[in-house]
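Here is a short briefing on one protein chain. Keep the sequence and the 3D view open while reading.

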Amino acid sequence: MTHTRSEIAAMIDHTLLKADATRQGFEKLCSEAKEYGFAMVAINPAPVALCKELLAGSKVHVGAAIAFPLGQTTIEDKVRETEVAIGNGADEIDYVVNITQLKEGNTKYIEDEMRRIVDVCRAHDVLIKVIFENCYLTDDEKRTLAKIAKEVGPDFIKTSTGFGTGGATFADVELMREVVGDAVQIKAAGGIRSAEDAMKFVDLGVTRLGTSAGVAIVNALED
């Protein structure tokens, strides 16, 4: 399948999630997102209001990463963090699931967590993405999470934070797609640094790409 540069750019979540990020870094991130027509800037919750101001008048969304990158906060903490981020201007939420609860087989906890965060986002017309962090999961655990997501209905399921021991893989995207079909969109994130890989993920059905290499990826694509 052939995609134009602008089509690929419009799938990119331009990412700056480093602990030592500066205002200058966020200004550069938002300027590039506007220039290239990226879908979103992916940031931690603290700079949401700043990035919302920097992106005023553009179509670029502001996305907040919740319980990032470990997912090891309570459901109540995640819900509150989501509410605050939305109150500060977030258009999209990417939250990390509680992997411990998943590995202990507590699917009720995982479903409750997902439903509560999805409900907050739906109430505010905000996109919601669920981060699996596949590098720590067995294939059966990935399928279990995907089945819960298919039932609950977030907008996206997402492969990785980019801060784990591994990032997005083609095999994981294929597995996730096999379970959710067209019911939930898929975001690939973590380690995507080449135009070739970005295009292959899109050909596998991914509709968002989380990467800090968005500018290089788009510049490497032919018109």
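Buried means under 20% relative accessible area, exposed means over 50%, and partly exposed lies in between. Cys 135 has a relative accessible area of 27%, so Cys 135 is partly exposed. The model is predicted.

**Cysteines**

- The disulfide count is zero.
- Cys 30 is in no disulfide. Its nearest cysteine sulfur belongs to Cys 51, 3.7 Å away. A disulfide needs the two sulfur atoms within 2.5 Å.
- Cys 30 has 1% relative accessibility, so Cys 30 counts as buried.

**Helix H6**

- Helix H6 runs over residues 107-123, 17 residues in all. At 1.5 Å a residue, H6 should span 24 Å. The end C-alpha atoms are 24 Å apart, which agrees with that expectation.
- The buried residues of H6 are Ile 110, Glu 113, Met 114, Ile 117, Val 118, Val 120 and Cys 121. Their arc around the axis is only 155°, so they sit on the same side of H6.
- Lys 108, Asp 119 and Ala 123 are exposed on the other side of H6.
- Asp 125 follows H6 and has a positive phi, near 55°.

**Nonpolar cores**

- The largest nonpolar core holds 69 residues. Val 41, Ile 93, Tyr 95, Met 114, Ile 157 and Leu 209 touch the most other members. H6 gives the largest share of this core, six residues.
- Tyr 95 has contacts well along the chain: leaving out residues up to four places away in sequence, Tyr 95 touches Ile 66, Lys 78, Glu 113, Met 114, Ile 117, Ile 128, Lys 129, Val 130 and Ile 131. Of these, Glu 113, Met 114 and Ile 117 are among the buried residues of H6.

**Ile 43**

- Ile 43 lies in strand S2, residues 40-43. Its relative accessibility is 0%, so Ile 43 counts as buried.
- How far apart in space are Ile 43 and Leu 16, which are 27 residues apart in sequence? Their C-alpha atoms are 5.5 Å apart.
- Leaving out residues up to four places away in sequence, Ile 43 touches Leu 16, Leu 17, Phe 26, Leu 29, Val 48, Cys 51, Val 62, Gly 63, Ala 64 and Ala 65.

**Aromatic pairs**

- The model has three aromatic pairs.
- One of them is Tyr 36 with Phe 38. The ring centres are 5.6 Å apart and the planes are at 10°, so this pair is stacked. Phe 38 is buried, at 3% relative accessible area.
- Phe 170 and Phe 201 form a tilted pair. The centres are 4.6 Å apart, with 45° between the planes.
- This pair links distant parts of the chain. Phe 170 is in helix H8 (residues 170-180) and Phe 201 is in helix H9 (residues 195-203), 31 residues apart.
- Are Phe 170 and Phe 201 buried or partly exposed? Phe 170 is partly exposed, with a relative accessible area of 23%. Phe 201 counts as buried, at 3% relative accessibility.

How values were computed
Residues are numbered from 1 along each chain as its sequence is written. This is a predicted model: local features need pLDDT of at least 70, side-chain atom pairs count only at pLDDT 80 or more; totals for chains, interfaces and linings use all residues. Side-chain values use heavy atoms; hydrogens and water are left out. Buried means under 20% relative accessible area, exposed over 50%, partly exposed in between (1.4 Å probe, protein chains only). Helices (H or I, at least four residues) and strands (E, at least two) are DSSP runs, numbered from the N terminus. The expected span of a helix is 1.5 Å times one less than its number of residues. The arc is that of the directions from the helix axis to the C-beta atoms. A nonpolar core is a set of buried Ala, Val, Leu, Ile, Met, Phe, Trp, Tyr and Cys residues joined through side-chain atoms within 4.5 Å. Contact means heavy atoms within 4.5 Å. Rings of Phe, Tyr and Trp (its six-membered ring) pair if their centres lie within 6.5 Å; planes under 30 degrees apart count as stacked, over 60 as edge-to-face and the rest as tilted.
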